[in-house]
Amino acid sequence: MNPRRILYHLALLIAIAAPVQSQELPRAEADALGMSSARLDRLSAVLGEYVEEGRLPGTVVMVLRRGHVVYADATGHRDIDAGDPMETDAIFRIASQTKALVSVGIMILQEEGKLHISDPVSDYLPAFARTTVAVPRDGGAGYDVVEAARPITLRDLLTHTAGIGYGSGPGGDRWAEAGITGWYFAHRDEPIRATVDRMPALPFQAQPGEAFVYGYNTDILGAVIEAVSGRSLDAFLRERILDPLEMRDTHFYLPPAKRDRLATVYSLRGGMSLERAPDGPGMQTQGQYVDGPRTSHSGGAGLLSTARDYARFLQMLLNGGELNGTRILSPATVSLMTENHSGDLYGAPGMGFGLGFAVRLDVGAAGEPGSEGDFRWGGAYHSTYWVDPEEELVVVYLTQVIPAQGLDDHRRLRALVYAAITE
């Protein structure tokens, strides 16, 4: 037998023998799974330096190899002013990491024959039957509004090629007048469907299929899920993804009993010292995830979660749609999601965009460690994740910094993780 496979089976025996609760991902020694535990420990040292320099408040990192947790550590503080240390079970605002779960929700409905990603959005949200585009005039003197060249499809939304931004750019004045700008929804005292149904009356930023425009696409998909399933997005995700995967600490709005586990948001401007973000609603505040109206379920940026929970979700994807005997998607659907669907529209060197994730196409062109076919995304509060099927690797990195100007920790994290792989 291949020595690598021998070590793999030995690691499985170690995990089976360990007193691990059934709902937890198994843990194993990194060295038994082709990773250096000593090199992984560099993560703690390096991130600790960021904390000591006042550039990061605190972090949680979880690394999985071949389905086993080989590294999980918390650094710094959950709340600096209170002196509360960061713990590995801290709860974070994961913002755009929500998009991956909602994208999976759409694919669940496709597998059940209830929709197809080539369908027009208007089949499920009639307000999208007619949409328009703001076209800047020559010389920058205003813009004209023209009809969309074709209907927007669900696939356009999944790939962020529908031309729908976050209420900025050409036509942004009309979005501001309508009170729909930015990704933050926790303060809204209206259901997500009501907000989404007002969007088609506003001009979008580009023609469908002609540009990668990051914006409300996944919020719209959340409204589609509600229309098709007859359930709120919160209920659908809980019934079809969160509960089956035992993601027990993932919520749109935090239960009051868990509020002391929510990490505090900080701001870093110009690479200088951290400042605690103010209380109140808004993208660069502590937000209303505990005391807000608890009405708007943002499919694009609304969830709170932990490293444990999100790692379970990503491991399900790495496993081809299944975790611990619970199947969420078929392997074929996961494969479809992690292919490049956007041609060269995404624009990042060596990268494309699939159905909910950025996907690596060329390691050399990307200029950082990884493998062809690895997929990733992150959140506005400076969190990130990636899955590398070739290396059987899952990485979750959570912190709460917005803006995070001058931080280069994501690049260092990736380099340190791949430097720990020994086979």
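Helix α12 (residues 409-419) has Asp409, Leu413, Arg414, Leu416, Val417 and Tyr418 buried, where buried means under 20% relative accessible area, exposed over 50% and partly exposed in between, with a 1.4 Å probe and protein chains only. The cover over these buried residues includes helix α2 and strands β1, β13 (358-360), β14 (375-378), β15 (384-388) and β16. Helices (H or I, at least four residues) and strands (E, at least two) are DSSP runs, numbered from the N terminus; contact means heavy atoms within 4.5 Å.

Please keep in mind that this is a predicted model, in which local features need pLDDT of at least 70, side-chain atom pairs count only at pLDDT 80 or more, and totals for chains, interfaces and linings use all residues. Residues are numbered from 1 along each chain as its sequence is written, and side-chain values use heavy atoms, with hydrogens and water left out.

**Around α12**

- The axes of α2 and α12 come within 8 Å and cross at roughly 165°; axes are lines fitted to C-alpha atoms, for helices over the stretch in contact, and angles run from 0 to 180 degrees between N-to-C directions.
- That makes α2 roughly antiparallel to α12, on a scale where angles under 35 degrees count as roughly parallel, over 145 as roughly antiparallel, 65 to 115 as roughly perpendicular and the rest as oblique.
- On the α2 side the contact is made by Arg39, Arg42, Leu43, Val46 and Tyr50, and on the α12 side by Asp409, Arg412, Leu413, Leu416, Val417 and Ala419.
- Ala420 sits in the segment after α12 and counts as buried, at 0% relative accessibility.
- Not counting residues up to four places away in sequence, Ala420 touches Gly34, Met35, Ser36, Arg39 and Leu40.

**The eight-stranded sheet**

- This open sheet has the strand order β3-β2-β1-β16-β15-β14-β13-β12, with antiparallel pairing; two strands pair if DSSP finds at least two bridges between them.
- Its edge strands are β3 (84-85) and β12 (351-353), each of which pairs on one side only.
- Helix α2 (residues 37-52) lies across β1 (58-65), β2 and β16 (393-398), and runs at about 15° to β2.
- Strand β2 (residues 68-79) is joined to β3 by two bridges, and His77 stands opposite Pro85 in β3.
- Two bridges link the antiparallel strands β13 and β14, with Val359 opposite Phe375 in β14.
- Four bridges link the antiparallel strands β14 and β15, and the bridge partner of Trp377 in β15 is Tyr385.
- The hairpin of β14 and β15 has five residues between the strands, and there His382 takes a positive phi near 80°.

**The three-stranded sheet**

- A further open sheet has the order β8-β7-β17, with mixed pairing.
- Strands β8 (275-276) and β17 (401-404) stand at the edges with a single partner strand each, so one side of each is left without a neighbour in the sheet.
- Strand β7 (residues 266-268) runs parallel to β17, and two bridges join them.
- Leu268 has Ala404 as its bridge partner in β17.

**Nonpolar cores**

- The largest nonpolar core has 97 residues, of which Ile241 and Phe313 touch the most other members; such a core is a set of buried Ala, Val, Leu, Ile, Met, Phe, Trp, Tyr and Cys residues joined through side-chain atoms within 4.5 Å.
- Helix α3 (residues 98-111) gives the most to this core, with eight residues.
- A second, separate core of 30 residues includes Tyr50, Val70, Leu268 and Val417.
- Ile241 touches Leu101, Val104, Gly105, Ile108, Phe236, Met247, Phe313 and Ile328, leaving out residues up to four places away in sequence.

**Helices α3 and α8**

- Helix α8 (residues 233-242) packs against α3 at an angle of about 75°, with the axes 10 Å apart, and that makes α3 roughly perpendicular to α8.
- Leu101, Val102, Val104, Gly105, Ile108 and Leu109 of α3 make this contact with Leu233, Phe236, Leu237, Arg240, Ile241 and Leu242 of α8.
- Leu242, found in helix α8, is buried, with a relative accessible area of 1%.
- Leaving aside neighbours within four places in sequence, Leu242 is in contact with Leu101, Leu237, Met247 and Thr250.
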